[in-house]
Amino acid sequence: MDYLLQARKQQILRELRREKHTITEKEATDISASTDGYSGADLSQVCRNAAMGPIRSLDRDESLEFVTLDDVSITFKVEVQSSIP
């Protein structure tokens with residue numbers, strides 16, 4: 001695994017450590033491979049937006065769910081890579 005891929009993976013896991021999540025090491029590696037060219041700020045934004053996924057789907061009578069790979073995937077659909085022209 002190259003250095004930049006490993007660095008992105010570690011940042012993603014560090015960002016998500018503050019949240020309840022179900023992201024595995026393998027999924028974190030896959031996410032980091034999908035974020036080639038993202039800046040540190042871009043990765044932070046992806047993780048913050050993914051963390052909002054369970055909140056967005058919350059009904060009044062439900063408890064808060066874990067952040068999942070689907071939450072991160074949805075974030076990719078709406079994120080714009082600010083570091084790539």
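A crossing of two helices is left-handed if the near helix is turned anticlockwise from the far one by less than a right angle, and right-handed if clockwise. Helices are DSSP runs of H or I with at least four residues, numbered from the N terminus.

This is a predicted model, where local features need pLDDT of at least 70, side-chain atom pairs count only at pLDDT 80 or more, and totals for chains, interfaces and linings use all residues. Residues are numbered from 1 along each chain as its sequence is written, and side-chain values use heavy atoms, with hydrogens and water left out.

Now the helix pair. H1 (residues 3-16) and H2 (residues 25-34) have axes that come within 8 Å and cross at roughly 120 degrees. Axes are lines fitted to C-alpha atoms over the stretch in contact, with angles from 0 to 180 degrees between N-to-C directions. The two helices are therefore oblique to each other; that word covers what is left after under 35 degrees (roughly parallel), over 145 (roughly antiparallel) and 65 to 115 (roughly perpendicular). The crossing of H1 and H2 is right-handed. In contact (heavy atoms within 4.5 Å) are Leu5, Arg8, Lys9, Ile12 and Leu13 of H1 with Glu25, Ala28, Thr29, Ile31, Ser32 and Ala33 of H2.

A cavity is a set of points on a 1 Å grid over the protein atoms alone where a 1.4 Å probe fits but cannot get out; lining residues have an atom within 4 Å of a point. The largest cavity is lined by Ile12, Ile31, Thr35, Leu43, Val46, Cys47 and Val72. Helix H3 (residues 40-56) gives the most to that lining, with three residues.

Terms used:
On a 1 Å grid over the protein atoms alone, a cavity is a set of points where a 1.4 Å probe fits but cannot get out, and a pocket is an open set with protein on both sides within 12 Å along at least five of seven lines; lining residues have an atom within 4 Å of a point.
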